[in-house]
Amino acid sequence: ILILNNNSFNNLKNNIEVYSLSKSFNHLDSNKSAITTDIIKTGEYLNININDSKSFEYQLAYLGDVNGNGEIDIYDYIRIMKDIMDMTKLDGVYKEAADVTQNGAVDIYDYIRIMKKIMEEE
């Protein structure tokens, strides 16, 4: 899993150093079908091909995008709240995206960060 602070695919590929003349970066949806949008959503994939012989694949987690819609919004806030209250547990890449503070747990501090982020955007 590749954890990101930004949801721009172009930004991501511009910040990856690959020491090869022949390389390609592919943005894949959660079903691993190619997409051309710049917005990264939690659960999507980055595929890097080097010299047409070596391939690396990473599932993407955009910090705060807990529901996989590419945005940080009230629905992410609710998903974190439900996880903290043991109503609906997050797992995999979505749990990684929920751990906004990167302390290894989904907790009240992540909940507060998401709340602040949403309030800043309003």
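Modeller: Buried means under 20% relative accessible area, exposed over 50%, and partly exposed in between (1.4 Å probe, protein chains only). The model is predicted, so local features need pLDDT of at least 70 and side-chain atom pairs pLDDT 80 or more, while totals for chains, interfaces and linings use all residues. Residues are numbered from 1 along each chain as its sequence is written, and side-chain values use heavy atoms, with hydrogens and water left out.

Colleague: Then is Lys-89 buried or exposed, and what makes it count that way?

Modeller: Lys-89 has a relative accessible area of 52%. The limit for exposed is over 50%, so Lys-89 is exposed.

Colleague: And what about Asp-83, buried or exposed?

Modeller: Asp-83 has a relative accessible area of 3%. Buried asks for under 20%, so Asp-83 is buried.

Colleague: What makes the contact of Lys-89 and Asp-83 a salt bridge?

Modeller: The term needs a side-chain nitrogen of Lys or Arg within 4 Å of a carboxyl oxygen of Asp or Glu. For Lys-89 and Asp-83 the N to O distance is 3.6 Å, so the pair counts. Side chains of opposite charge can pair when their charged atoms come close.

Colleague: Which residues are linked with these two in a network?

Modeller: Asp-86 joins Asp-83 and Lys-89 in a network of salt bridges. The closest N and O atoms of Asp-86 and Lys-89 are 3.1 Å apart. Asp-86 is exposed, at a relative accessible area of 58%.

Colleague: How many salt bridges does the whole structure hold?

Modeller: The search finds 3. One of them is between Lys-32 and Glu-57, at 2.9 Å from N to O. Lys-32 sits in the loop between β2 and β3 and Glu-57 in strand β4 (residues 54–62), so the pair ties together parts that are 25 residues apart in sequence. Lys-32, at 45% relative accessibility, is partly exposed, and so is Glu-57, at 37%.

Colleague: How do you know which strands pair, and in what order do they form the sheet?

Modeller: Strands are DSSP runs of E with at least two residues, helices runs of H or I with at least four, both numbered from the N terminus. Two strands pair if DSSP finds at least two bridges between them. Here 4 strands form an open sheet in the order β1-β4-β3-β2, with mixed pairing. β1 (2–4) and β2 (23–28) are at the edges with a single partner strand each, so one side of each lacks a neighbour in the sheet. The antiparallel strands β2 and β3 (residues 45–50) are joined by 6 bridges, and the bridge partner of His-27 in β3 is Leu-46.

Colleague: Which residues is Phe-56 in contact with, beyond its neighbours within four places in sequence?

Modeller: Contact means heavy atoms within 4.5 Å, and Phe-56 has it with Leu-46, Asn-47, Ile-48 and Ile-50. Phe-56 lies in strand β4 and is partly exposed at 32%. Its C-alpha atom is 8.1 Å from that of Leu-46, 10 residues away along the chain.

Colleague: What makes the nonpolar surface patch, and which helix gives the most to it?

Modeller: Helix α4 (residues 108–121) gives the most, with 5 residues. Ile-112 is in helix α4 and is partly exposed at 32%.
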